[in-house]
Amino acid sequence: MSEHVTQFDENLIIRMADGDGNAFQEIYQHTSSAVYGFALSILKNKHDAEDVMHDTFLKAYSGAITYKPMGKPLAWILTITRNLCYNKIRAGKVCEEVSEYDSFTAGDNSDITADMIVLEAAMKTLAFEERQIVILHALTGLKHREIADILEVPTGTVLSKYNRAIKKLRSDIEGRGEMI
Amino acid sequence: MNDKSNIEKRLASAIRETTPDILDELMKELDTDIVQEPALSEAIKREVPEVVEMKPIRKRSWHKAMASCAAALVLVIGGAIYIGTGNSTFAVVGLDVNPSVEISINKKEKVVSVDAVNEDGEQILNDMDLEGTDLDVACNALVGAMLTKGYLTDTSNGLLVSVMSDNEDKGKEIESRLSGNLNTYLEDSEVATAIIGQFVRDDADIEAFAHENNVSLGKAWLISTLVNTGDPKMTEDSLLKLSVKDLILLTQKKELSDVDSYGEADTSEYIGNEKALAAALEYAGLTESQVSNVHVSYECDDGAIVYDVEFNSGGQEYEFDVNAITGEIVVEEIDEQDSYDDDRDDDDDRDDDNDHDDDDDDDDHDDDD
């Protein structure tokens with residue numbers, strides 16, 4: 001299996017616009033983790049991220065008829081996710097940050113996987129945009145330029161923040177005595 | 001493998017592991033759309049295609065439109081699966097930018113037919129088959145087309161959403177929800193759109209007005225609402241010449257209560273309050289320090305947006321209308337300042353202003369009625 005399974009054929013969106021339920025399912029399977037992870041990176045809260053994930057797919061379904069084929073189906077969906085996150089933040093509907101990621105390694109949680117430690121580090125140590133950039137890069141395989149388009153920031157910003165974020169993560173994980 | 005890609009790999013794996021599975025939930029919510037709708041619209045097309053083809057609605061009253069749509073559908077699908085649950089036209093939803101379209105929906109808020117009210121509306125409907133879709137989906141598609149075809153732009157950013165139904169409670173509910181949804185939908189677009197949502201009651205006069213002037217019922221209703229604010233400059237003839245965006249601008253500035261309002265109508269083509277005031281001051285030969293009680297607002301004069309600029313100076317009340325695009329002074333009035341500060345509720349019958357002009361015909365007669 002390819003490491004980056006999130007890119008998909010934009011014809012699926014066109015089929016979805018015709019009410020094709022199978023196309024909808026395929027799109028969901030390709031993109032659900034990217035959508036959820038991206039929402040999580042902005043909202044830092046599992047519950048809100050799930051809400052946005054839910055609304056993103058409903059909105060993608062209802063808006064599919066307006067999709068203009070430009071070879072960027074994933075960017076289209078992630079832009080919906082981003083806008084919904086910002087709507088939620090603007091509307092003040094984001095839950096208080098509950099520091100849920102603090103609890104992963106606190107105490108004797110023995111079922112915490114090594115992978116979760118990296119996620120926790122990303123949530124705790126990275127700045128707002130750094131977190132979005134690293135998570136999008138990790139989950140989607142989008143190029144820095146494409147990530148820059150989605151986040152509406154210059155490509156140079158994405159590159160430098162990405163490098164800084166990886167350094168921060170490495171030092172945080174090593175600081176816990178974890179192997180990378 | 002280097003540590004960078006290893007970090008990313010572990011991060012991706014952690015997120016994939018914790019991504020909630022909501023596919024079933026989503027499929028349930030979309031169930032009818034996915035499975036049943038295409039079947040319905042296919043059935044309509046196959047059996048009697050001419051029944052659902054586009055027809056201009058404005059030659060009929062919307063009541064008649066409702067009745068005939070209902071009859072047509074019974075003919076088409078009488079006895080078919082979907083219909084027992086109420087398939088007559090329950091409400092008509094109007095979308096006005098400049099293209100005007102009207103969407104007839106049944107009680108389940110599925111589209112029964114879509115009609116163009118003007119030529120631009122026909123451009124929007126071109127090749128679009130929305131019969132049987134959800135109202136929200138159809139509206140998103142139509143508004144999406146208005147965006148992509150360049151009708152809804154930064155400077156022409158007004159969308160009027162009108163809902164007409166015999167069931168006022170439900171009609172208002174649909175209007176309010178739809179306006180909110182369209183606002184959310186448009187927030188994702190590049191055009192910051194101003195939306196006014198209104199419920200439109202059955203009114204023969206307004207219907208006749210819409211018909212005579214070849215405008216949608218929604219636009220006619222909004223014009224009548226503005227006329228009813230009692231502002232003497234808001235006349236039907238003048239307002240008819242305005243774009244939907246400018247009608248929305250006036251509606252928003254008047255803060256009408258009976259509508260849902262989102263965003264702000266664009267004013268970037270207009271000179272702005274400060275320049276309008278400066279133009280009026282220059283015309284009057286005064287400086288800002290010489291005037292008091294300055295008030296600037298948007299108005300309509302003879303089919304154009306103007307700034308209504310008012311101020312007092314040297315015992316005189318000045319009022320100017322300044323063309324909002326050119327800055328030209330189009331109307332000026334200078335009156336003696338009323339020493340009673342416009343206390344119109346005094347209980348004698350005498351005309352207590354000492355106007356030198358001929359304004360006596362605008363007495364208020366509504367005091368005791």
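Of the 369 residues in chain B, 47% count as buried, where buried means under 20% relative accessible area, exposed means over 50%, and partly exposed lies in between (1.4 Å probe, protein chains only). In chain A, which has 180 residues, 52% count as buried. The model is predicted: local features need pLDDT of at least 70, side-chain atom pairs count only at pLDDT 80 or more, and totals for chains, interfaces and linings use all residues. Residues are numbered from 1 along each chain as its sequence is written, chains are lettered from A and ligands numbered from 1 in the order in which they are written, and side-chain values use heavy atoms, with hydrogens and water left out.

## The two chains

Chain B has eleven helices and ten strands. Helices (H or I, at least four residues) and strands (E, at least two) are DSSP runs, numbered from the N terminus. Chain A has eight helices and zero strands, and its pattern along the sequence is α-α-α-α-α-α-α-α.

A contact here means heavy atoms within 4.5 Å. Among the contacts in chain A with a separation of 6 or more, 67% are between residues 24 or more positions apart. In chain B the corresponding share is 56%.

## The nonpolar cores

In soluble globular proteins, nonpolar side chains tend to be buried together. A nonpolar core is a set of buried Ala, Val, Leu, Ile, Met, Phe, Trp, Tyr and Cys residues joined through side-chain atoms within 4.5 Å. The largest such core has 67 residues, and the members that touch the most others are Met16(A), Phe24(A), Leu78(A), Leu151(A) and Leu11(B). Helix H2 (residues 21–43) of chain A gives the most to this core, with twelve residues. At least three residues come from each of domain 1 (1–98) and domain 2 (108–180) of chain A, the bounds being taken from an automatic or database domain assignment. Apart from this core lies another, of 48 residues, among them Leu217(B), Ile223(B), Tyr298(B) and Phe320(B).

What does Leu151(A) contact, leaving aside its neighbours within four places in sequence? Its partners are Phe38(A), Arg82(A), Gln132(A), Ile133(A) and Leu136(A).

Gln132(A) counts as buried because its relative accessibility is 1%. Not counting residues up to four places away in sequence, Gln132(A) touches Phe38(A), Ser41(A), Ile42(A), Tyr86(A) and Leu151(A). The C-alpha atoms of Gln132(A) and Leu40(A) are 8.6 Å apart, although 92 residues separate the two along the chain.

## Where the chains meet

The size of an interface is often given as the accessible area lost when the parts come together. Buried area is the accessible area (1.4 Å probe) that two parts lose on being put together, summed over both. Chain B and chain A bury about 4,000 Å² between them, 66% of it on carbon and sulfur atoms. Ile7(B), Arg10(B) and Leu11(B) supply 17% of the area that chain B buries against chain A, more than any other three residues. In terms of contacts, 38 residues of chain B meet 47 residues of chain A.

Helix H1 (residues 3–18) of chain B includes Glu8(B). With a relative accessibility of 9%, Glu8(B) counts as buried. Its contacts, not counting residues up to four places away in sequence, are Val134(A), His137(A), Ala138(A), Tyr162(A) and Ile166(A).

## Salt bridges

A salt bridge is a side-chain nitrogen of Lys or Arg within 4 Å of a carboxyl oxygen of Asp or Glu. By this rule there are 26 salt bridges over all chains, and two of them cross the interface of chain B and chain A. The table lists some of the pairs.

| Residue | Residue | N to O distance |
|---|---|---|
| Asp115(A) | Arg10(B) | 3.9 Å |
| Lys88(A) | Asp51(A) | 3.2 Å |
| Arg82(A) | Glu152(A) | 3.7 Å |
| Glu168(B) | Arg201(B) | 2.9 Å |

In the pair of Arg82(A) and Glu152(A), are the two residues buried or exposed? Arg82(A) counts as buried because its relative accessibility is 11%, whereas Glu152(A) is exposed, with a relative accessible area of 61%. In the pair within chain B, both residues are partly exposed: Glu168(B) has a relative accessible area of 28%, and Arg201(B) has a relative accessibility of 34%. Elsewhere, salt bridges that share partners join Glu109(B), Asp136(B), Lys170(B), Glu173(B) and Arg177(B) into one network.
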